[in-house]
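Keep the predicted model open while reading.

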Amino acid sequence: ERIPQLPENWRTEWAHMSFVELSVEVLSLYVSSDEISRGQLRALVEKSYSTFRHPDVTPIKKLDDKTYILELFHGPTFAFKDVALQLLGNLFEFFLARRNARKDAGEPQEQLTVVGATSGDTGR
């Protein structure tokens, strides 16, 4: 419906945040706290990136004075797609659990099946 505006001081306030902190700030611009509380959102982000092998999740490596590279391979499958899909899977689980919690006792629980495919571009 709309593209949110960044806070005026985002450059200074966000400059030294961790991956998790920055993710929560950016996602909070798009996800209403009525839908997912800030605490729940932070828990989902923390869970999503806790399996990454680098403490910075997606570290930036300096190659020379003018060149930097963003490493996107520290996730559980060593693929850049882990950065998005770890969170997406946890969001699916979050909303599925919420829907099932609203069901009456004895009512069938909903399930979710995700079928994925890859072009093989990651070599796995």
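In this predicted model, the axes of helix H2 (residues 19–30) and helix H3 (residues 38–49) come within 9 Å. They cross at roughly 135°. The crossing of the two helices is right-handed.

Which residues of H2 and H3 make the contact? On the H2 side they are Phe19, Val20, Glu21, Ser23, Val24, Glu25, Leu27 and Ser28. H3 contributes Arg38, Leu41, Arg42, Val45, Glu46 and Tyr49. Sorted by class, the contact has 7 nonpolar, 2 polar and 5 charged residues. An α-helix has 3.6 residues a turn, so residues three or four places apart point the same way.

**Helix H4**

Helix H4 spans residues 82–101, with 20 residues in all. From its first C-alpha to its last, H4 reaches 28 Å. This is close to the 28 Å expected at 1.5 Å a residue.

Seven names make up the buried set of H4: Asp82, Val83, Leu87, Asn90, Phe94, Arg98 and Asn100. What do the buried residues of H4 pack against? Their partners are H2 and H3. The buried set includes the charged residues Asp82 and Arg98.

**Single residues**

Ala43 sits in helix H3. Is Ala43 buried or partly exposed? Its relative accessible area is 42%, so Ala43 counts as partly exposed. The C-alpha atom of Ala43 is separated by 23 Å from that of Glu71. Along the chain, Ala43 and Glu71 are 28 residues apart.

Val57 is found in the loop between H3 and strand S1 (60–62). Its phi is near 65°, a positive value in a residue other than glycine. Val57 is buried, because its relative accessible area of 4% falls under 20%.

Phe78 lies in the loop between strand S2 (68–70) and H4. Phi of Phe78 is near 65°, again positive in a residue other than glycine. With a relative accessible area of 45%, Phe78 is partly exposed.

The accessibility values are set out below.

| Residue | Relative accessible area | Class |
|---|---|---|
| Ala43 | 42% | Ala43 partly exposed |
| Val57 | 4% | Val57 buried |
| Phe78 | 45% | Phe78 partly exposed |

Key: Residues are numbered from 1 along each chain as its sequence is written. This is a predicted model: local features need pLDDT of at least 70, side-chain atom pairs count only at pLDDT 80 or more; totals for chains, interfaces and linings use all residues. Side-chain values use heavy atoms; hydrogens and water are left out. Axes are lines fitted to C-alpha atoms, for helices over the stretch in contact, and angles run from 0 to 180 degrees between N-to-C directions. Helices (H or I, at least four residues) and strands (E, at least two) are DSSP runs, numbered from the N terminus. A crossing is left-handed if the near helix is turned anticlockwise from the far one by less than a right angle, and right-handed if clockwise. Contact means heavy atoms within 4.5 Å. The expected span of a helix is 1.5 Å times one less than its number of residues. Buried means under 20% relative accessible area, exposed over 50%, partly exposed in between (1.4 Å probe, protein chains only).
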